[in-house]
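Work through the following exercises with the sequence and the model side by side. Each task is followed by a solution in steps.

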Amino acid sequence: MADILFHLFAFLTIGSSVAVVYNHNAVNSALAFLVGLVGVSGLFVLLDSFLLAVLMVLVYAGAVVALFLFIIMLLDMQGGERPPFSKPTAVAGLIGAALLTVCTMTLIRNFGGLETAEMGAIVPVGANLKHYADQLFTTYLLPVQVVGFLLLIAMLGVIVLSKKFEGMEDVK
Amino acid sequence: MIELYLNLPVWVQASLKGLIAIGLIIPIAGACSLAERKISAWIQGRPGPNRARAWGLGYIPVLGPILQRLGVFHLMADGAKFVFKEDVVPGHVNKFYYYLAPLVALVPSLCTIVVVPFGAYFDAATETLKPLILADVDVGILAVFAIGSLSVYSLILAGWASNSKYPFLGGVRASAQLISYELSRTLSVIPVFLWVNAPGPEATLSLFAVVESQSQPGFWGGMWFVFLMPLCAFVFLVALFAETNRQPFDMPESEADLVGGFHTEYGEFKWSIFFVAEYAHMTIGSGVFVLLFLGGWNPLPWVPLEPLIAGLPVWLGGLIGASVFLGKTFFFIFLFMWVRWTLPRFRYDQVMKLGWQKLLPIAIANVIFYALAIALIERA
């Protein structure tokens, strides 16, 4: 049963991720992304980490994709003509290809060499609510703070970049 | 009978339970639409629907006229109309999403019942109170919020797929409003769970645990959280109104300036699905409020259910628990309607200001206050 469900959710996740990339309509892409997130949260449920599954749906599926859709609709983006290769695209493609090569090489070289740990030996950090919270506030306190700070900077940056300031009056 | 049930495979048992829960919630939603018309009439000082009379049923001596005056036949006529009307699809819509939207509205609001306990029974074998619930999971309230938050897509999709101006505006408003109020709603329940969870390795977000902690002995133990944390209850209630798109927050519909909002292009059965979903959402939202702040199935503050039903047969005890809970829930459904027919609708900018500049700071200050207070009490 768990195997069938795993394959179901895995195919759902991968299929919808491919659909995100290949769809010309931005709304379709966003909704495919939503389905993908639900698939990922299904995978979390199969791993018994219900908290992460629920947070995935609550934060990403419930709020972030809704915001994406809001922006897409507000800007009324139509797929339109895609520009041919520009310089940044070429550079990004090169880096992507290089990374993919490294991954494939690693996969081929170490195929089957991955150590499978006993299920009991894995510390269920995400499974227990309090344990999860405890880890966030002790072991991973610095990464959490840094990520929060980065998000704050990104938010401020977006506000500064998207608002048109005219003179010092607006800054105040 | 019980033997036969227990011999069924687990998944059949689960499906049966789920079907029973859905079979309960849909008639409640239907009755809500009737109650809405009757209560609006009562508030506005008019008789409301009282004319329709079904052939045969209406002529039963005492019951017939009572049903007629309650407007039950109007409800039946409405239902029949929705089912038998021609299914018109406007030519300019995006068909796939147009049909998907009502489904997306109904499915999440029905799914949330899974983790909401709707009563309790006394288990004689273990001498404890057990919840009447489909799945008692630790993430309880988070699951309700998570699945409930997916229903925003029905409004967005309906607005977008309709491919015309007013539904589109309704959809955009819906997405902005629901996201804004989700923050305050989630923050407002944090103090409740801070209070419920004692220090130690185990923690739970289950709604059953919340009710359990409101049915302890003693002055503080038996106190309903609405007295202990009135501000939380208030913020949660306001956010609940906004989340269920009920007036004064029904921006996505607001028929005065958007015709019908997101459902302008919908008719017949698809339209009625939107409304069943709205009432189901409201029912479950009221239920969650009752569990969190009004002691769930405990009949009165400081009067827990457990000793009352301990000696009774299991089915009677369960029935009493569920009735108390449903009674309180129905009162909250009435409150929703009462507010709808009393207060005028906000303007859209007022909704946004209220959400971000008033409710959210209050909710944050509230969390900080209760976190400090609970920490001090724990230390003492």
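**Exercise 1.** How many residues does the contact take from chain A and from chain B?

Before counting, note that this is a predicted model, in which local features need pLDDT of at least 70 and side-chain atom pairs count only at pLDDT 80 or more, while totals for chains, interfaces and linings use all residues. Residues are numbered from 1 along each chain as its sequence is written, and chains are lettered from A and ligands numbered from 1 in the order in which they are written.

Step 1. Two residues are in contact if their C-beta atoms, placed from the backbone, lie within 7 Å; the contact takes 17 residues from chain A and 22 residues from chain B.

Step 2. On the side of chain A that touches chain B, the elements giving two or more residues are α3 (50–75) and α5 (129–137) of chain A, where helices are DSSP runs (H or I, at least four residues) numbered from the N terminus. The largest share, 14 residues, comes from α3(A).

**Exercise 2.** Find what span helix α2 of chain B should have, and compare it with the model.

Step 1. The expected span is 1.5 Å times one less than the number of residues, so the 34 residues of α2 (residues 10–43) of chain B should span 50 Å.

Step 2. The end C-alpha atoms of α2(B) are 48 Å apart, which agrees.

Step 3. Just after α2(B), B:Gly45 takes a positive phi of about 70°.

**Exercise 3.** Identify what the buried residues of α2(B) pack against.

Step 1. These buried residues pack against α5 (95–111), α13 (268–293) and α15 (314–340) of chain B.
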